[in-house]
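Trainee: I have just opened a structure that is new to me. Could you show me how to read it, step by step?

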Amino acid sequence: MSPQMRSNARRRMAVMLLVLLVLLAGAAAGGYYWLRTAFYAPGPSQDVVRIQVEQGASVRTVLVDLAKQGALKQPRAVELYLRLAGHAKGHQPRIQAGMYEIPAGASAAEILELFDQGRVVLEQLTLIEGSRFADLRHALDNHAAVTHTLRGKSDEEVMTALGHQGEFPEGRFFPDTYRFAAKTTDLEILGLTYNAMQHVLDDAWQQRSTDLPFQTPYEALTLASIIEKETGLPTERPRIAGVFVTRLRKGMRLQTDPTVIYGLGAGYDGDIHTRDLVTDTPYNTYTRAGLPPTPIALPGRESILAAVHPQESGEIYFVASGTGDGGHHFSKTLEEHNAAVKSYLDHLRAQQHRGIVAHGTAPTGSKGKGMTQTGAHGAAPEGTQ
């Protein structure tokens with residue numbers, strides 16, 4: 001072959017190689033474009049899809065699960081695109097554990113952004129003001145989204161696990177609505193509620209009224225728990241607090257039924273009997289002066305604020321009004337109070353006679369929130385209670 005022919009052959013080979021390279025580049029570009037389109041295209045699901053991503057799950061595993069649940073159409077194409085794009089950008093998306101809600105029609109890009117940012121579905125737990133620590137533990141033990149580590153442990157063991165060994169748990173957890181990721185432990189949730197109560201109580205104590213007849217935040221918390229159990233109308237909290245604070249100043253016994261009920265424990269049968277009022281327990285404020293030794297419930301913010309900002313006006317008695325709104329009649333004298341008690345009982349008997357128990361009232365002897373009567377059970381003259 002002549003030199004000219006060899007030169008022409010080399011030129012043809014170079015042209016063919018160039019054409020081949022161009023074709024390959026075009027195919028690669030087209031393939032990458034197709035993969036990119038699959039990554040950003042709307043997903044096939046017509047409904048919201050929930051998926052639980054386990055700790056340490058791989059991208060491939062999650063993509064396959066999404067495809068099985070109908071939220072993703074081409075998991076292999078998405079995985080390949082992530083490899084190519086990740087190699088070019090120098091990183092891969094994070095897959096954070098948790099429960100996720102995938103919106104209808106969400107693209108692979110939008111789904112992986114949820115995982116990367118950890119935007120998990122938040123579960124909910126609501127603690128009612130005036131409930132007890134036992135109610136809180138029951139709610140946690142029966143919440144399906146909570147990881148249970150405290151079932152079967154005593155209250156003392158729970159407080160030790162929280163790092164508060166020796167503290168009595170009642171009243172120390174703030175009633176509110178808490179949102180948390182699925183599989184959060186019961187210990188973590190209790191820690192949140194404990195810290196929330198400490199914050200609320202500390203803040204209220206810092207702005208308390210001067211010259212209160214108690215010296216510690218814990219005593220304020222104890223009084224707040226009684227106010228919480230006694231209050232049927234939210235607007236009455238400061239006034240009820242004022243009655244109790246005035247009684248403490250005068251050395252009068254608080255004579256409040258919720259403390260008696262708490263002291264009875266499992267022995268409470270739904271009614272307060274005369275024997276209950278005269279049987280001494282650490283929580284019987286008919287037989288003992290001053291505040292009970294611990295809170296009797298989980299008080300809310302407004303009851304705590306009322307405890308440290310009482311509305312004192314000389315009133316030392318109150319009894320349920322019986323009008324059905326949870327309100328009370330407040331009195332400054334025993335005579336006025338006894339008349340109010342008689343009016344309440346007459347009103348209640350009339351309702352029972354008609355076969356009606358008004359909303360917010362209860363049969364004689366039965367006590368609900370806002371229904372007890374400070375000093376109503378055989379109240380003695382001032383200074384002797």
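This is a predicted model: local features need pLDDT of at least 70, side-chain atom pairs count only at pLDDT 80 or more; totals for chains, interfaces and linings use all residues.

Trainee: What share of the 385 residues is buried?

Mentor: Buried residues account for 43% of the 385. Buried means under 20% relative accessible area, exposed means over 50%, and partly exposed lies in between (1.4 Å probe, protein chains only).

Trainee: How do I describe two helices that pack together?

Mentor: Two packed helices are described by the angle between their axes and the distance between the axes. Axes are lines fitted to C-alpha atoms, for helices over the stretch in contact, and angles run from 0 to 180 degrees between N-to-C directions. Take helix α7 (residues 186-206) and helix α12 (residues 301-308): their axes come within 9 Å and cross at roughly 30 degrees. That makes α7 roughly parallel to α12. The cut-offs are under 35 degrees for roughly parallel, over 145 for roughly antiparallel, 65 to 115 for roughly perpendicular, and oblique for the rest.

Trainee: Which residues of α7 and α12 make the contact?

Mentor: On α7 they are Met197, Val200, Leu201, Ala204 and Trp205, and on α12 they are Arg301, Ile304, Leu305 and Val308. Contact means heavy atoms within 4.5 Å. By class, the residues of this contact are eight nonpolar, no polar and one charged. Here Ala, Val, Leu, Ile, Met, Phe, Trp, Tyr, Cys and Pro count as nonpolar, Asp, Glu, Lys and Arg as charged, and the others, Gly among them, as polar.

Trainee: At what angle do α8 and α12 cross?

Mentor: The axes of α8 and α12 cross at roughly 120 degrees and come within 8 Å. The two helices are therefore oblique to each other. Residues in this contact include Ala220, Leu221 and Ile227 of α8, with Ile304 and Ala307 among those of α12. The contact of α8 with α12 has nine nonpolar, one polar and one charged residues.

Trainee: What is a nonpolar core?

Mentor: A nonpolar core is a set of buried Ala, Val, Leu, Ile, Met, Phe, Trp, Tyr and Cys residues joined through side-chain atoms within 4.5 Å. The largest one here has 51 residues, of which Leu136, Phe173, Leu190, Phe214, Phe244 and Ile304 touch the most other members. The elements giving two or more residues to this core include α5 (133-141), β4 (177-181), α8 (217-230) and α12. With eight residues, α7 gives the most. A second, separate core of 27 residues includes Val49, Val62, Leu63 and Leu66.

Trainee: Is helix α10 (residues 257-264) mostly covered or mostly open?

Mentor: Helix α10 is mostly covered, with six of its eight residues buried. These are Asp257, Pro258, Thr259, Val260, Ile261 and Tyr262. Their cover includes α8 and α11 (274-278).

Trainee: What should I know about phi?

Mentor: Most residues other than glycine have a negative phi, and most peptide bonds are trans. Gln255, in the loop between α9 and α10, has a positive phi of about 50 degrees although it is not a glycine. Gln255 counts as buried because its relative accessibility is 6%. Lys183 also is not a glycine and has a positive phi, of about 75 degrees. Lys183 lies in the loop between β4 and α7 and counts as partly exposed, at 47% relative accessibility.

Trainee: Is Arg172 buried or exposed?

Mentor: Arg172 is buried, because its relative accessible area is 13%. Its place is in the loop between α6 and β4. Leaving aside neighbours within four places in sequence, Arg172 is in contact with residues including Glu167, Met197 and Leu221. For contrast, Asp47 counts as exposed at 55% relative accessibility, and Asp47 lies in the loop between α1 (3-40) and β1 (49-53).

Key. Residues are numbered from 1 along each chain as its sequence is written. Side-chain values use heavy atoms; hydrogens and water are left out. Helices (H or I, at least four residues) and strands (E, at least two) are DSSP runs, numbered from the N terminus.
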